[in-house]
Amino acid sequence: SSGINAEYGVFQTFQHYFKRINLSSMAGVEDVITSLVGTVSAVFMVFGGALPYIPQYLQMRKERSSEGFSKKVCLVLLTANILRIAFWFGKHYETPLLIQSFVMIATMLAMLHTCVGLKVESAGERRRHFTDFHLASFWEWSTFPDYLHCLVTMVMMISAVTYTFLDSPAYVEAIGTLSLCTEATLAVPQFMRNYQTRSTEGMSVQMVMLWFLGDSGKTLYFLLRNSPFQFLLCGSIQIVLDILILFQVVGYGTPHRED
């Protein structure tokens with residue numbers, strides 16, 4: 001009887017030991033999976049916002065024309081991301097979101113450079129510059145450096161104001177909200193351009209579809225995370241605008257097929 005008890009005790013010891021190894025291994029696997037998912041999510045967060053502009057960029061290069069794409073989309077995103085970077089100095093948020101802002105600024109500068117380079121000016125057309133200070137020609141300048149001058153001016157002004165009011169919680173929250181609201185109007189320039197020309201020719205439908213998928217996923221994330229109402233509102237506005245542009249594609253006719 002004592003031998004059986006001893007054997008049973010040894011069995012229990014080994015069972016407990018292997019169970020601990022098992023649990024430890026499972027915990028290790030869970031940690032690896034969690035770390036991997038976190039890394040993939042962070043990478044997607046950084047570069048995901050730039051993905052929709054790849055098909056538009058390729059289409060403009062292929063057709064040697066930027067007429068179908070509204071440059072004011074770049075203005076909206078540049079403004080929103082400059083404000084978001086200023087917001088970071090007053091209230092630190094996740095690093096991937098900060099890096100995303102710099103990636104988006106670089107992406108929009110690349111899009112602007114392409115748009116300006118492909119623009120065909122009519123013979124005798126007056127060249128327009130940022131230093132003309134004509135409101136009617138705002139963001140419709142003839143050279144890429146003009147856009148850079150405007151952005152440098154914008155950055156200097158926002159930096160000066162932010163430095164002055166950085167200790168004010170109301171100001172910090174205000175620029176954060178303004179950045180969010182500005183980004184929510186991203187698709188408005190493209191919608192208006194399509195409406196005014198009664199055409200979606202030259203606009204990448206793939207870009208708008210990626211906008212819609214990204215905005216839907218983001219809004220669902222906000223909903224599941226019980227994010228503040230303004231996040232849900234801005235996400236919903238973006239989805240509605242994306243759908244309206246897709247309706248324009250149907251109503252005005254499908255653009256040339258993208259190979």
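User: Is Asp-215 buried or exposed?
Analyst: This is a predicted model. In it, Asp-215 is buried, because its relative accessible area is 8%, under the 20% cut-off.

User: Which residue forms a salt bridge with Asp-215?
Analyst: Lys-218 does. The closest N and O atoms are 3.7 Å apart.

User: Where do Lys-218 and Asp-215 lie?
Analyst: Both are in helix H8. They sit three residues apart, about one turn of the helix.

User: How many salt bridges does the count come to?
Analyst: Six. One of them joins the side chains of Glu-140 and Lys-71, at 3.1 Å from N to O. That pair links distant parts of the chain, 69 residues apart. Glu-140 is in the loop between H4 and H5. Lys-71 is in the loop between H2 and H3.

User: What are the relative accessible areas there?
Analyst: Glu-140 has 24%, so it is partly exposed. Lys-71 has 13%, so it is buried.

User: Which residues are linked with Lys-71 in a network of salt bridges?
Analyst: Lys-72 and Glu-140.

User: What about Glu-183, which side chain does it meet in a salt bridge?
Analyst: That of Arg-84, at 3.1 Å from N to O. Glu-183 belongs to helix H6 and Arg-84 to helix H3. The two are 99 residues apart, so this pair too links distant parts of the chain.

User: Are those two buried or exposed?
Analyst: Glu-183 and Arg-84 are both buried.

User: New topic. Which residues touch the most other members of the largest nonpolar core?
Analyst: Tyr-53, Phe-69, Met-108, Trp-139 and Trp-211. The core has 48 residues.

User: Which elements give two or more residues to this core?
Analyst: Helices H2, H3, H4, H5, H6, H8 and H9.

User: Which gives the most?
Analyst: H3, with 11 residues.

User: Back to Tyr-53. What is it in contact with?
Analyst: Leaving aside neighbours within four places in sequence, Tyr-53 is in contact with Val-73, Leu-77, Met-104, Thr-107, Met-108, Met-111, Leu-186, Met-207 and Trp-211. Met-108 and Trp-211 are also among the residues that touch the most other core members.

Note on methods: Residues are numbered from 1 along each chain as its sequence is written. This is a predicted model: local features need pLDDT of at least 70, side-chain atom pairs count only at pLDDT 80 or more; totals for chains, interfaces and linings use all residues. Side-chain values use heavy atoms; hydrogens and water are left out. A nonpolar core is a set of buried Ala, Val, Leu, Ile, Met, Phe, Trp, Tyr and Cys residues joined through side-chain atoms within 4.5 Å. Buried means under 20% relative accessible area, exposed over 50%, partly exposed in between (1.4 Å probe, protein chains only). Helices (H or I, at least four residues) and strands (E, at least two) are DSSP runs, numbered from the N terminus. Contact means heavy atoms within 4.5 Å. A salt bridge is a side-chain nitrogen of Lys or Arg within 4 Å of a carboxyl oxygen of Asp or Glu.
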